[in-house]
Structure formats: structure tokens, C-alpha cells
Amino acid sequence: MNYKKSYIPAKGYTPICKIGECSLKKLEFGIIELDAGESLGFNTYDKETAFIMLEGHCNVAFEGTKWENVGNRMTVFENKKAESFYMPKEQELTIEAIDHIKIAVCATPVAEKTEPQLLKADRVPLKLLGKVPYERETSFIIDGTTNAKVLTIGECYVTEGNWAGFPPHKHDEDHMPTECIAEEIYYFLFDPKQGFAVQCLYTADGEIDEAYRVKNDELVEFPVGYHTTVSTPGYQTYFLWLMAGDYQGFNRSNDPEHDWIANK
């Protein structure tokens, strides 16, 4: 199976990963793009949904409420703390573009209906993780401190020429509190846009053993398995990461063959 997918820019909402049509059973992903003055209606149906502002500014209206001028950057490389908004299941809303907008739409089925939430940049922690040559800056946008019940979402900026998520790690077995079962997606952008990274995905038994050259607007699904990323020199590498599973959080285990490197 090919776990890599590409987004071809288009107006409106473009679903990229849909439950039942991809390798994932709990996680969906798509992109909204609109030009200034254009509007889009959206229904979350049975899924809690997070909208991460990648580019531009918009107004969001629902049930007599209007959030104005949501967004704080024209590219993901302009500001590493994203603005976003969260919508519970069974929620109708309208998104109106102030300028050109690009929004990552992240969703997962949930049982509980919560409340909409506007999430400003000042509440987003940004942490420097790892060390050279596996150093990156990671933000945490959606987690247990928000109204979301299942989704965990953040952004990663890989130090040029470095690895991210090393040692390779996985979250496909229930060994809480160390490891939980959670699916994940990485969605990539680069500056300059012709850049690329290498995304590895493999299982201990060798059933999955992939190394993808990922380019701008490409993503990789992680239904199971160890994964780690390497950035190419000369380019800024960004990826949005989103998770959904049995537990909300960042519970994972490293590949035991390489775990010693974390303590080096």
C-alpha cells in the first residue's frame, strides 16, 4: 500500500484522507482554500474537527456567533504559533476568506459533543526538542487543554539537514502510560517550495518498510509502525502532525534497536 498522498491545490474543501478510503480508521484530513471574499459552508457531522490556519485570515460564523479576522500568518514559516479554531461534532459553520486562505481540516469521530473554541497563538507552546542532528521545534495546538476530546495536533519545524522524531517511534499498541494506540498524519510544506524531505515508515516484522521522498503539499499516513523524518539541507521543512486514537496525548515508544541514541 502507498501511504503517501498529494494535495492538488483547488478552491473550496478538498478531502485527502477519508475513513474507509485510506489506511486510517479514526483520522481524516483535508484542505480548504478560498480567495478573498469567497465563503464556504461546512458541517462536522459525527466528527470533532480542528481548523488550523496555514495561510491568511478569515471570519467564522455559527449559531449567531462570529469570530473575526482569525489567522496570524501568510505562510507557515512566518509565524510558528498557529491560530486555529475547534468545532464539535454536529456543528454547521461558515468560513469567509478575508484574503487568500489555506486551512488544514483535521477530524475524528467522537461520542461526546463539546463546545466551539477559538484558539489564539498566545496559548500555543513552542518547544525545542532533541539535539543536533535530530533537533526540531514543535508546537502543540490541539490537546487535552482544549475542548477536543480525541484529537492531538501540532506543527514541527525541522532544523535544516536534521532528523525529526528520532529515534524512530511508534504508537500502535496499548502499553499505557508509555504507549497508546493512535493513528497519525504528517502534512509537509517547504521553503523554497521545491524542497523535500524523506519520511520513513516501517514495522518490526518488515511487513511495512517505506522511505518516501515527500514534497510540498504531500502527506504520509501512519496507521501503524515506526516513523522518523529527515530534512534536506538548504530548505526549511515544516510538517503538521495530527493524531487520533484510544487516548489523547503523546504516548509513544522508540524502536528498541535505536533507543540508546536518545540517551547518548
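A nonpolar core is taken here as a set of buried Ala, Val, Leu, Ile, Met, Phe, Trp, Tyr and Cys residues joined through side-chain atoms within 4.5 Å, where buried means under 20% relative accessible area, exposed over 50% and partly exposed in between (1.4 Å probe, protein chains only). On that basis, the largest such core in this predicted model holds 35 residues, and Phe-29, Ile-52, Ile-142, Ile-153 and Leu-240 have the most contacts inside it. The elements giving it two or more residues include strand E3 (28-34), strand E5 (47-55), strand E13 (136-142), strand E14 (152-158) and strand E22 (236-245). E22 supplies the largest share, four residues. A second, separate core has 20 residues, among them Phe-140, Cys-156, Tyr-186 and Ile-208. In soluble globular proteins, nonpolar side chains tend to be buried together.

A word on the ground rules. Because the model is predicted, local features need pLDDT of at least 70 and side-chain atom pairs count only at pLDDT 80 or more, while totals for chains, interfaces and linings use all residues. Residues are numbered from 1 along each chain as its sequence is written, and side-chain values use heavy atoms, with hydrogens and water left out.

Turning to the overall fold, the protein chain has 23 strands and zero helices; both are DSSP runs numbered from the N terminus (helices H or I, at least four residues; strands E, at least two). Its radius of gyration, taken over C-alpha atoms, is 18 Å, close to the 18 Å from the globule rule for 264 residues, so the chain is as compact as a globular protein of that length. The rule itself is 2.2 Å times the number of residues to the power 0.38. Along the principal axes, the C-alpha trace spans about 55 × 40 × 35 Å. Buried residues make up 57% of the 264.

Glu-184 is buried yet has no salt bridge, and the nearest side chain of opposite charge, Arg-252, is 6.9 Å away. A salt bridge would need a side-chain nitrogen of Lys or Arg within 4 Å of a carboxyl oxygen of Asp or Glu; Lys and Arg count as positive, Asp and Glu as negative, and His and the chain ends are not counted. What Glu-184 does have is a 2.8 Å side-chain polar contact with His-171 (a pair of N or O atoms within 3.5 Å; within protein, one must be able to donate a hydrogen and the other to accept it, and residues adjacent in sequence count only if both atoms are side-chain atoms). Not counting residues up to four places away in sequence, its neighbours include Leu-24, Val-220, Phe-222, His-227 and Trp-241.

Most residues other than glycine have a negative phi, and most peptide bonds are trans. The bond from Val-132 to Pro-133 is cis, with omega near 10°, and Pro-133 sits in the loop between strand E12 (126-129) and E13. The bond from Met-176 to Pro-177 is cis, again with omega near 10°. Tyr-45 has a positive phi, near 50°, and counts as exposed at 57% relative accessibility. Asp-217 also has a positive phi, near 65°, but counts as buried at 8%.

Technical notes:
Contact means heavy atoms within 4.5 Å.
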